[in-house]
Amino acid sequence: MGEKALLIVLDSAGIGHAPDAADFGDEGADTFAHIYESVPGLSLPNLDSMGLALAREGAAGGDPPARPKMTYGWMAEESIGKDTTTGHWEIAGTVLEKAFATYDQFPDEMIAKLESATGVTFIGNYAQGGTVILEELGDEHVRTGKPILYTSADSVLQIAAHEDVISLERLYEICQAARECFDDIGRVIARPFLGTSGSYQRTPNRKDFSLTPPPNMLNDLQRQGVPVIGVGKISDIFAGSGIDRSYPTKSNAEGMAQMTALWDEIEVGLIFANLVDFDMLYGHRRDPEGYAKALKEFDDWLGGFLPKVGESDLLIITADHGNDPTWKGTDHTREQVPLLLKAKNFGRCLKGSNSFTKVAKIINDYFFG
């Protein structure tokens, strides 16, 4: 029986369009390749030491070496979707046969139900980027006190409010009420912000309200006495189900520091971490230079962390979808993702998997195989 495992999701770190990417308008998307093209000289030696370069080559159809020095592979998503919730749930063993609902604009009957449940009147109700919506409606919100309602290409209902106009506690109450209204939307997201006209900025106090997932690997671990610790937005993504302890973070740097501290602390259990800056700050905002800088910072941290992973431990690094910062629009991209392992059976190619559930199987085999 395994003792200690760390699963890190590099949010949106795709390695090339998935076989069905054309169905999503994403044929040709490749988050890592286009970052490398945009930032000449980018080097990620520690990720490559775990097989990232080989995984990228394999995902593109290349032949793996006969005797690799690391355990690596690549995965395509089986579920219909390219959002955070769908990707993480599949990583934990749940395949969604039906995609969450998406909207360009929420219909009148939904708005009526939402306003009745929350006791507020909204402004907005259209698809827009999170920073742009503040430029467009921030002043009206401050003037009227009405929260901003918007969505995106993902299955999300987002509610933005200035922290000096609507308190965080009240914003979270509104979002919780919205969550209870609809069971076809993947996430309701609270988007607090601060600042003044022309310089509004979102704060780190975002909070996600997800649907409760079907029973999965996390619940299996709990049931058999293996503690599960969430870092970042993991507990939000799984609505707290299967999570024993949660450590929300406000940045990749905080997430990396938290992983190090927890790894030094625990003797048994799974640490499941999401590093969201790649997606939230650089993918959606189409900033390949910022994305590259964040990858380099993670790679530097990884170089210091790898010696802490013992012979009997398990480290897995993967992603939940792509978000090519050079791609059209501001949406996620349907991509394959890396599967990088440091484990006792170090040194083999896992090749490609047609499902992210490969991760859940590896973790179950590690603890109970």
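A crossing of two helices is left-handed if the near helix is turned anticlockwise from the far one by less than a right angle, and right-handed if clockwise. Under that convention, helix 10 and helix 12 make a right-handed crossing. The structure is a predicted model, in which local features need pLDDT of at least 70 and side-chain atom pairs count only at pLDDT 80 or more, while totals for chains, interfaces and linings use all residues. Residues are numbered from 1 along each chain as its sequence is written, and side-chain values use heavy atoms, with hydrogens and water left out.

Helices (H or I, at least four residues) and strands (E, at least two) are DSSP runs, numbered from the N terminus. Axes are lines fitted to C-alpha atoms, for helices over the stretch in contact, and angles run from 0 to 180 degrees between N-to-C directions. Helix 10 spans residues 252–265 and helix 12 spans residues 288–305. Their axes come within 11 Å and cross at roughly 15°. The two helices are therefore roughly parallel to each other. Angles under 35 degrees count as roughly parallel, over 145 as roughly antiparallel, 65 to 115 as roughly perpendicular and the rest as oblique.

Contact means heavy atoms within 4.5 Å. From helix 10, Asn-252, Met-256, Met-259, Thr-260 and Trp-263 meet Ala-294, Glu-297, Phe-298, Trp-301 and Phe-305 of helix 12. By class, these residues are seven nonpolar, two polar and one charged. Ala, Val, Leu, Ile, Met, Phe, Trp, Tyr, Cys and Pro count as nonpolar, Asp, Glu, Lys and Arg as charged, and the others, Gly among them, as polar.

Helix 12 also meets helix 1 (residues 31–38), with axes that come within 9 Å and cross at roughly 105°. Helix 1 is thus roughly perpendicular to helix 12. Thr-31, Phe-32, Ile-35 and Ser-38 of helix 1 touch Pro-288, Glu-289, Tyr-291, Ala-292 and Leu-295 of helix 12. This contact has six nonpolar, two polar and one charged residues.

Leu-221 lies in helix 8 (residues 217–223). Leu-221 is buried, at 0% relative accessible area. Buried means under 20%, exposed over 50%, and partly exposed in between (1.4 Å probe, protein chains only). Beyond four places in sequence, Leu-221 touches Val-226, Val-228, Leu-270, Ile-363, Asn-364, Phe-367 and Phe-368. Leu-221 and Phe-368 are 147 residues apart along the chain, yet their C-alpha atoms are separated by 9.3 Å.

The structure holds zero disulfides, a disulfide being a pair of cysteine sulfur atoms within 2.5 Å. For Cys-175, the closest cysteine sulfur is 11 Å away, in Cys-181, too far for a bond. Cys-175 is buried at 0% relative accessible area, and Cys-181 is buried at 11%.
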